[in-house]
Amino acid sequence: MWDNDTKLLDETDLALVDALQVNPRASWTSLAEVLDLAPISLARRWQQLTDTGSAWVTVALSNSEMRGALLELTCRPGTAEQVALKLATVPNVSTVGVTTGEFQVFALVLAPNLPGIADLLLRTLPIPSEVTTVRSHVYSGLFGGVVWRLGVVNRAQIESVREPVGPSPGQIRPFGPSDRALFLALGYDGRRPYTELAKELGTSPQAVKRRLDRLRRHGDITFRCDVARPLTGWQSMALLWLTVPDLMVSTVGQRLGAWPETRHCSAIPGPANLSLIVSLRSLDHLGELLVRIARAHPEVSVVDRRIVLRQIKVHGRIVDDLGRSVQVLPVDPWYGG
């Protein structure tokens, strides 16, 4: 649990993580030029961070055809954490947390299309017996949180680290079994070398690199660098439900999705039509965010707010009380399909 003796990551580690959030597969040589440390020193620091579960790189789908939903669950007294841990083992479930409020558990789930998300919610998602109520909300838009940054390195460093992205390849074959295998392999470690991936998948390093480059340039996948957030000063999180005028949902969602605190922002059909998950440096920080929303968007109403008591799973990683990765369970949106 968080306490005043918790040791935060030092400035060098924070800068390293932030640089990898800009370009998660950057070489140590290129990072060395920006962070003014020897490549071997950076490699050792990163190995220490990954060995302790303090930071990691993984892969996410960014294809507009991917569908998701936010689930809220009420549980029998004393079983919320048990329910969250059970849900966390399901490959379609990317993120799980325990919150205050009427619904004690929330989960983000994924499927490749709308029929897939319907089948998941209606038939295949295993609901633990301790759950008494389930409420589901299918995204109608996703505005932020898939990729985020600590914001430590400056603009010049960002431009030096950022990987040049060529033009979209236009036509590209859809995801097939080989792409799913590649995606899952990168879910374990998004920085795995091409040679290692090729050996596991029975192909050549050049073929793996070509396919990854095309998938990234086409906008189908993106890499993300995650970190144990309490070790960077983000002590907690909150889940907010907002009611936004229909004509403003996209505008408000994009603005809130770009906030440095935002970890998830999605439009959801219903009376409360925007969900927002934010990281907090303190409970007072939540009050500041609510004031910021009220001042920037007086037409928006915050109809519910909940503190995340504990994160259980963060995009394919089971985490401990300090947010450190203790088990890898790669996200698999196609699971069971």
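I began with Phe183, which counts as buried at 4% relative accessibility. I am working from a predicted model.

**Aromatic pair**

I looked up aromatic pairs next and found 1 in the structure. Its members are Phe183 and Trp334, with ring centres 5.5 Å apart. Their planes stand at 90 degrees, so I logged the pair as edge-to-face; the cut-off for that label is over 60 degrees.

Then I placed both residues. Phe183 belongs to helix H7, residues 177-188. Trp334 falls in the segment after strand S13 (325-328). I noted that the pair therefore ties together parts 151 residues apart in sequence.

Trp334 has a relative accessible area of 17% and is buried, because the limit is under 20%.

**Arg263**

I turned to charges over rings. The charged end of Arg263 sits over the ring of Trp148, 3.8 Å from the ring centre. I also found Arg263 over the face of Trp234, at 5.5 Å from that ring centre.

**Helices H1 and H2**

My last entry covers H1 (residues 11-22) and H2 (residues 28-35). Their axes come within 11 Å. The crossing angle is roughly 125 degrees. That makes H1 oblique to H2. I recorded the crossing of H1 past H2 as right-handed.

Which residues meet here? From H1 I listed Ala15, Leu16, Ala19 and Leu20. From H2 I listed Trp28, Leu31 and Leu35.

Terms used
Residues numbered from 1 in each chain as written. Predicted model: local features only at pLDDT ≥ 70, side-chain atom pairs only at ≥ 80, totals over all residues. Heavy atoms only, no water. Phe/Tyr/Trp six-rings, centres within 6.5 Å; stacked < 30°, edge-to-face > 60°. Helix = DSSP H or I, 4+ residues; strand = E, 2+ residues; numbered from the N terminus. Buried < 20%, exposed > 50% of the residue type's maximum accessible area, 1.4 Å probe, protein only. Lys NZ or Arg CZ within 6 Å of the ring centre and 35° of its normal. Axes fitted to C-alpha atoms, helices over the stretch in contact; angles between N-to-C directions. Parallel < 35°, antiparallel > 145°, perpendicular 65-115°, else oblique. Left-handed = near helix turned anticlockwise from the far one by under 90°. Contact = heavy atoms within 4.5 Å.
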